[in-house]
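Thank you all for making time this morning. I would like to walk you slowly through one protein model, so please keep the picture in view while I talk.

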Amino acid sequence: MVAPPVAVATAATTALVTPSSLTCALVPSWQGLRGSLGPARSLQWPKKQQRQCRRKAGGTSVTAQFELKPPPYPLDALEPHMSKETLEYHWGKHHRGYVDNLNKLIAGTELDELSLEDIILATHNKGDLLPPFNQAAQIWNHDFFWESMKPDGGGKPSGELLELINRDFGSFERFIEDLRSAAATQFGSGWAWLAYKANRLDVGNAVNPKPSDEDKRLVVVKGPNAVNPLIWDFSPLLTIDVWEHAYYLDFQNRRADYISIFLEKLVSWEAVSSRLEIAKARAAEREEEEERKKREEEEKTSDGEVEEIYVDNKSDDSETE
């Protein structure tokens, strides 16, 4: 039985192609750092769940674009703490605008074949590439933000997440105060984050030494505009959006009240725990890869060594006949 044709759309054209004529790169269907874990979990840093398909059609490359991903709950599910109207504007207009703008900015460029994460890393602090960075990072941040919340959320985490919070911040209450302060004191627009830091250095373009056990810690960080912990090679675990459009319809200028409601009524600690598990696995896998490369280099050096033998041909003048 022949499979039906599939329509592949871009902003400029729509082509009708059969599945056999497509070359598609699919990433796993599980949500990775953005949400629940699937049964076949990869240990790699997850890419945005998307399909990129392209074919040659009269010399034209047809590429699937980024799509607006819906929150993992109905738009009214977070009421009364976050209104349906806020979701309609925040997700339906602001988030959608970032997706539409990014697709326009990267169309026909080398960026249109990359994942969101790769676009973020390739364009951060790169001058003319800043507009794609802003749009891509805001898409990623919002996907992550929606999946950081759930109906009837809040409360207190448990298990290893709570243990690490107590270890790295002294107590859960102290952690909440640190995160609350980061969100409240972010000047202007931006984001506050809980992240897993596996690297010793904070400088993004520095060569990091091998992480030690002391480096694998939870940290609270904040960033302006679209900046997120990916640019520092940290693993994000939780975020609070402190752009005004995130809370103004419900809280007007009362950012502190919005932050409190988020932490007490909306945060999904289950999502944070799942992300921590992935972040730790990622760090362990990277260490194993570094060790493997180190062993290979040592083996190459060992195989290339030539044993040098020194022979002293000088006769012993002290001998007498």
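Let me begin with a convention: a crossing of two helices is called left-handed if the near helix is turned anticlockwise from the far one by less than a right angle, and right-handed if clockwise. What you are looking at is a predicted model, in which local features need pLDDT of at least 70 and side-chain atom pairs count only at pLDDT 80 or more, while totals for chains, interfaces and linings use all residues. Residues are numbered from 1 along each chain as its sequence is written, and side-chain values use heavy atoms, with hydrogens and water left out.

The protein has eight helices and nine strands, where helices (H or I, at least four residues) and strands (E, at least two) are DSSP runs numbered from the N terminus. Of its 321 residues, 43% are buried, meaning under 20% relative accessible area with a 1.4 Å probe and protein chains only, where over 50% would be exposed and anything in between partly exposed.

With that convention in hand, the crossing of helices α1 and α3 is left-handed. Helix α1, residues 84–106, packs with α3 at an angle of about 145°, and their axes are 9 Å apart; axes here are lines fitted to C-alpha atoms, for helices over the stretch in contact, and angles run from 0 to 180 degrees between N-to-C directions. Among the residues making this contact are H90, H95 and Y98 of α1, and Q138, I139 and H142 of α3, contact meaning heavy atoms within 4.5 Å.

Let me stay with H142, which is found in helix α3. Is H142 buried or exposed? Its relative accessibility is 0%, so H142 counts as buried. Leaving aside neighbours within four places in sequence, H142 is in contact with H90, H95, Y98, W191, D241 and H245. A polar atom of the H142 side chain also lies 2.7 Å from the backbone oxygen of Q138.

Strand β7, residues 190–197, runs antiparallel to β9 and is joined to it by six bridges.

Taken as a whole, this is an open sheet of three strands in the order β8-β7-β9, with antiparallel pairing. Strands β8 (217–224) and β9 stand at the edges with a single partner strand each, so one side of each is left without a neighbour in the sheet. From one strand to the next, the twist averages 25°. Helix α3 packs on the sheet, touching β7 and β9, and its direction makes about 85° with that of β9.

Why do we describe β9 as largely enclosed by the rest of the structure? Seven of the seven residues of this strand, 235–241, are buried, so the description follows from that count.

Finally, helix α7, residues 255–266, has buried residues including Y258, F262 and L266, and what covers the buried residues of α7 includes α3, α5, β9 and α6.

Conventions:
Two strands pair if DSSP finds at least two bridges between them. A polar contact is a pair of N or O atoms within 3.5 Å; within protein, one must be able to donate a hydrogen and the other to accept it, and residues adjacent in sequence count only if both atoms are side-chain atoms.
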